[in-house]
Amino acid sequence: MRPLLRLFSIALVFSGIITSGDPQAAAANAEPNVCPKCIQDNLKALASDDMKGRGSGSEDEHGAANFVASKLKEYGAQPAGDNGDYIQAATVLRRKATGPPTLTAGTVTLVYGKDFVISRLSAEKFSGPLRKLNAEDPNAQLAAGDVALVTGKDRSNTRKLAAGAGTVAIGVLTVGKDDKAEHFAAAGKELPKLAAKIQGNKSTGMAGDLNMLDLTDEAIKKLSTVADDTKVEFNIPAEDEAAGHTWNAVGVLPGSDPSLAHAAILFSAHLDHLGVGKPVNGDSIYNGADDDASGTVAVLELARVLGSGDKPKRTVIFALFGSEELGGFGATYFHQHSPVPLADIAANLEFEMIGRGDSAVKSDTLWLTGWERSNLGPTLAEHGAKLVADPHPKENFFARSDNYVLAKQGVVAQTISSFGLHADYHQPSDDVAHIDFKHMDAAIGSLLKPVEWLVNSDFKPEWKPGGKP
């Protein structure tokens, strides 16, 4: 594409629009532009019914990864997957429950589907001393390995504090989202789905090792009579299932400056969604146009722009992850099989749900999760990026996308989004018809110059004190 750009610059010289006599200099100073047709075509392909919702770990996800790989090749990125290809294939190990879970604390036995249900699970069994924690007590403390019984008057606030307790406790018992007996009975009719894991990795992905059980108010009262330090035991009988797979598509532009090539910039998004599921208004395909075909398309557009110009000084990696919806499995595999050491990745910008504007910010603005955690967002904004702080801090989006997998490994990794909490989230109605392409074009276009600066600068992204997760 460079010869065409050079001819275009020469034509502008003769027309008097550009006064410089050096066509190469004119090309170097040209403003990068988005390709609206590329954005529309790529999004329509990824979110089409033919892709069947790109279900995590499915052959449809594999097909999406192959499509993305073909685009990375077309845009000039070199393969950075397995065996000299663009694709990374990760083995996913699965187990299935063969019977209902049991939960005991001393002489108290709680019944699955009556007294408790599963909110989040990473282990088939865990045990530890009971530690009662009142959410309103600022001095309450936990020790590693405790099983925390978290109580409080404010149900929603208690659940948020319970999730925080899960970073210390091996198990968390708390009030249910829904305290109606019918909810527990309905949930108890099906055996819990056990967490899958990437082969060779003990972690279950971005969710970490959190085990959270929802209890009825009556069950909490029963456990409140049990003394602290009483041993709590949880167990699910289970057996192996056939191993599955998930697929990433990864390309790279090697850095041209030896002094900056080892300070890579990683642009990422997740290419999977929910696949085919329960019909809603007769539609059973969960297309995932906003979540996250929009982010995947943004990364592809950056690949197209950066791949068509002069080689960036830094190494630039484009990674589109599989099985984010299962808990960041593709990103987990990537951090173990990165084309460069993680210590050589200066920053990761994840793109998640930019297919519509967010009414909480200006119409031409995107927001960055964990804005206050690092110097990355403010510095990009200083260089023209229309980025602001996440206006939805209570949603904890910083820890709800693939960036968190890399952030836990020390990489300055944050997510760019404009998700306005719309009602089509994780619904079949998240389709192409609801995408605002004008917003997408403007959002991606507003980042091109700041991104070009980033991949050619010696700026060092850093966590602020206390910002690293």
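Colleague: What should I know about the numbers?

Modeller: This is a predicted model, where local features need pLDDT of at least 70 and side-chain atom pairs count only at pLDDT 80 or more, while totals for chains, interfaces and linings use all residues. Residues are numbered from 1 along each chain as its sequence is written, and side-chain values use heavy atoms, with hydrogens and water left out.

Colleague: Okay, strand β14 then. Is β14 mostly covered or mostly open?

Modeller: Mostly covered: nine of the 10 residues in β14 (residues 244-253) are buried. Buried means under 20% relative accessible area, exposed is over 50% and partly exposed sits in between, with a 1.4 Å probe and protein chains only. Strands here are DSSP runs of E with at least two residues, helices are runs of H or I with at least four, and both are numbered from the N terminus.

Colleague: Which way do β14 and β18 run relative to each other, and over how many bridges?

Modeller: β14 and β18 (residues 316-321) are antiparallel, over five bridges. L253 stands opposite V316 of β18. Two strands count as paired if DSSP finds at least two bridges between them.

Colleague: And what about β1 and β2?

Modeller: Both run antiparallel to β14: β1 (residues 78-79) is joined to β14 by two bridges, and β2 (residues 87-93) by six. Q78 faces V252 in β14, while Q88 has N248 of β14 as its bridge partner.

Colleague: Switching topic: what is the strand order in the open sheet of eight strands?

Modeller: The order is β5-β4-β12-β7-β8-β9-β11-β6, with mixed pairing. The edges are β5 (108-111) and β6 (116-120), each pairing on one side only. From one strand to the next, the twist averages 30 degrees.

Colleague: How many bridges link β4 and β12?

Modeller: Four, in the antiparallel sense, between β4 (residues 102-105) and β12 (residues 231-235). One example is T102, whose bridge partner in β12 is N235.

Colleague: Which strands does helix α7 lie across?

Modeller: Helix α7 (residues 217-224) lies across β4, β5, β7, β8, β9 and β11, at about 165 degrees to β5. For that angle, axes are lines fitted to C-alpha atoms, for helices over the stretch in contact, and angles run from 0 to 180 degrees between N-to-C directions. Contact means heavy atoms within 4.5 Å.

Colleague: K221 is in that helix. Is K221 buried or exposed?

Modeller: K221 counts as exposed because its relative accessibility is 55%. K221 and T151 are 70 residues apart in sequence, with 9.9 Å between their C-alpha atoms.

Colleague: Now S417, in strand β22. What is S417 in contact with?

Modeller: Leaving aside neighbours within four places in sequence, S417 touches E352, M353, I354, L366 and W367. S417 is buried, because its relative accessibility is 3%. A polar atom of the S417 side chain lies 3.0 Å from the backbone nitrogen of F419.

Colleague: Last one: how many disulfides does the structure hold?

Modeller: One, between C35 and C38, with their sulfur atoms 2.2 Å apart. The cut-off for a disulfide is a pair of cysteine sulfur atoms within 2.5 Å.

Colleague: Why is the disulfide of C35 and C38 right-handed?

Modeller: Because the torsion about the S-S bond of C35 and C38 is about 75 degrees. C35 counts as buried, since its relative accessibility is 18%.

Key:
A polar contact is a pair of N or O atoms within 3.5 Å; within protein, one must be able to donate a hydrogen and the other to accept it, and residues adjacent in sequence count only if both atoms are side-chain atoms.
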